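Subject: Structure for you to look at

Hello,

Please find the structure below, followed by notes on what was found in it.

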Amino acid sequence: DTYNFLIGSLSSLCANFKVETKKITHFTIDNVEISSMGLCLAREELGPSEYVDWLNENPEYKNAYIEYCEADCKSLCEVHQKFCQQMENLVSGLRTPESKPDRFLPRDTALMNIKIRECVTLPSYSNKVLKAYHTIAEPCMKSKNNKRYSVDIHSIADDKVFSDVKKAKIGSISHVAQYGHFTDRVGCADVVSLYVSAMINYVFPYGEEEYVTRYYSEYLGIYRVTELVNGFNDGVIQDIPASTKDGRDWEKKCINEVWITNIDIERIRKHGGSMNIQEGYIWRESTPVFRNVLSVVTNEKQRQDILKSQKDKQYNPAMRECCKLFGNSLFGKQLETSVNYDWSSFRNLADVSPEMMNNANRITHCNNQYYIKTVSESKRRTPVQLGVFILAYSRNLIQGYFDIIGRERVIATETDSIYATMENLNRLKKPDMSMVYNPNQWQIDQDLNMFRHCHDYDKQLGNMEIEPFVSHDSYFLAKKTYGLLDMRD
């Protein structure tokens, strides 16, 4: 699999995609059954040339080895072909139905021109699908049909604006709020597809940004604020972290200056916090940029989950994971830093400038030449504002669950997970919805409530799911440094 799209062993992939050529796992040589691993390691003490000589002297092993390699190549090729076909069939659901040829749109042509076999990775494929879906036709007198096609997702061109907006990129919450040893029943609850649920259920900035010097509650915006005071007491997870040389401090109450979104501002004010707004950028248009594209793959993922629960033979775990990766990687592509790679050759390293050596990504010596690979940031811009708001919505979603449990009761959190005692996690099953900030003005459906109670049987995007694992002996030492001992046995 040259594109690294698929996970799992080749034998499991053959079973998942039900290909004609199966992986050969056993052979019979001289009436003795031998495994494929045994065949490969038959004479592991020999070097490559000696091994080839040995194979030529033992044609029964040579023929079996060739048969084994050919079967691997054929089966993987069939797996990859079926995978590409199934993914392209999913994406074809975004095109205008053939029954309505009069409504054929520019996006239809763009989507048909994307071939997954020509994409380097699944994330690059997902991003191409998103851009193709937002392709529009614009008037252009110089073109043959007086039209030109462009992607209707605005990437910020101005260097200062791009830099300012990027400052509002605050990642997910990874923090231990209560350190030490716990002997109570501690459990974990996860948000089902945190980033994907935010991308599907909310609207995002659309079109050109506009510089402002005051707050506009009716528009999506990113603002530079000063003298920010979080609304909670010291010792609990705040709405916005302070930046330190060691990372982010999620418990600091006062922050001198920070760039944040209006989603963060509304949540801070709801919790009794305050700030001074200095300047910012707003978008007067907003739209569900990701909803239709992601719905195609999330529907397939949910279908696979149903097949798994029914123990249906059609269940394909590899396809399910690809759908999951498609959605998650689409988020990452919006915040990706574009880079350029350059190669330079030198006969002597002494001729290389200190600056190039400091920026060297790789140094290779071949044929009496040193080849140095350097990396520089590309001028190509990604729509970073989309990634910033995905993170803002995601933080808003999991912090809503903090409020249901009670922030002082949260032991630790890790991106989309909450660790607390089972007594406190069970509060998720009957939440007091009045406690939760619900930003209706940023939701497509006014009746849509992203904060849903916990279901043990019905996973919905944005739901909290309590894991079956419960620990009676837990240690929380620092961020990403904790242990929960399983005492069920």
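Helix α13 is mostly covered, with 22 of its 22 residues buried (buried means under 20% relative accessible area, exposed over 50%, and partly exposed in between, with a 1.4 Å probe and protein chains only). The model is a predicted one, in which local features need pLDDT of at least 70 and side-chain atom pairs count only at pLDDT 80 or more, while totals for chains, interfaces and linings use all residues. Residues are numbered from 1 along each chain as its sequence is written, and side-chain values use heavy atoms, with hydrogens and water left out.

α13 covers residues 384-405, and its 22 residues reach 32 Å from the first C-alpha to the last, close to the expected 32 Å (the expected span is 1.5 Å times one less than the number of residues). Helices (H or I, at least four residues) and strands (E, at least two) are DSSP runs, numbered from the N terminus. Just after α13, G406 has a positive phi of about 105°.

Q385 lies in α13 and counts as buried because its relative accessibility is 2%. Not counting residues up to four places away in sequence, Q385 touches H154, I156, V165, P205 and W283. R395 is also in α13, and its relative accessibility of 1% is why R395 counts as buried. With residues up to four places away in sequence again not counted, R395 touches I170, G171, I240, W250, D264 and R267.

What does α13 lie across? The helix lies across β10 (220-229), β13 and β14, and runs at about 60° to β10 (axes are lines fitted to C-alpha atoms, for helices over the stretch in contact, and angles run from 0 to 180 degrees between N-to-C directions).

These strands belong to an open sheet of four, in the order β9-β14-β10-β13, with antiparallel pairing (two strands pair if DSSP finds at least two bridges between them). β9 (210-212) and β13 (254-261) are at the edges with a single partner strand each, so one side of each has no neighbour in the sheet. From one strand to the next, the twist averages 15°. β9 pairs with β14 (residues 274-283) over three bridges in the antiparallel sense, and V212 stands opposite G280 in β14.

The largest nonpolar core has 107 residues, of which F83, Y125, I260 and F290 touch the most other members (a nonpolar core is a set of buried Ala, Val, Leu, Ile, Met, Phe, Trp, Tyr and Cys residues joined through side-chain atoms within 4.5 Å). α13 gives the most to this core, with 14 residues. Leaving aside neighbours within four places in sequence, F290 contacts L130, M199, F204, L330, Q334, L386 and I390. A second, separate core has nine residues, including F182, C188, Y419 and F476.

For E227, in strand β10, phi is near 50°; the residue is exposed, with a relative accessible area of 55%. N367 is in the loop between β17 (360-366) and β18 (369-377), has phi near 50°, and counts as exposed at 66% relative accessibility.

As for the whole chain, there are 14 helices and 22 strands, and buried residues make up 47% of its 489 residues.

Regards

Terms used:
Contact means heavy atoms within 4.5 Å.
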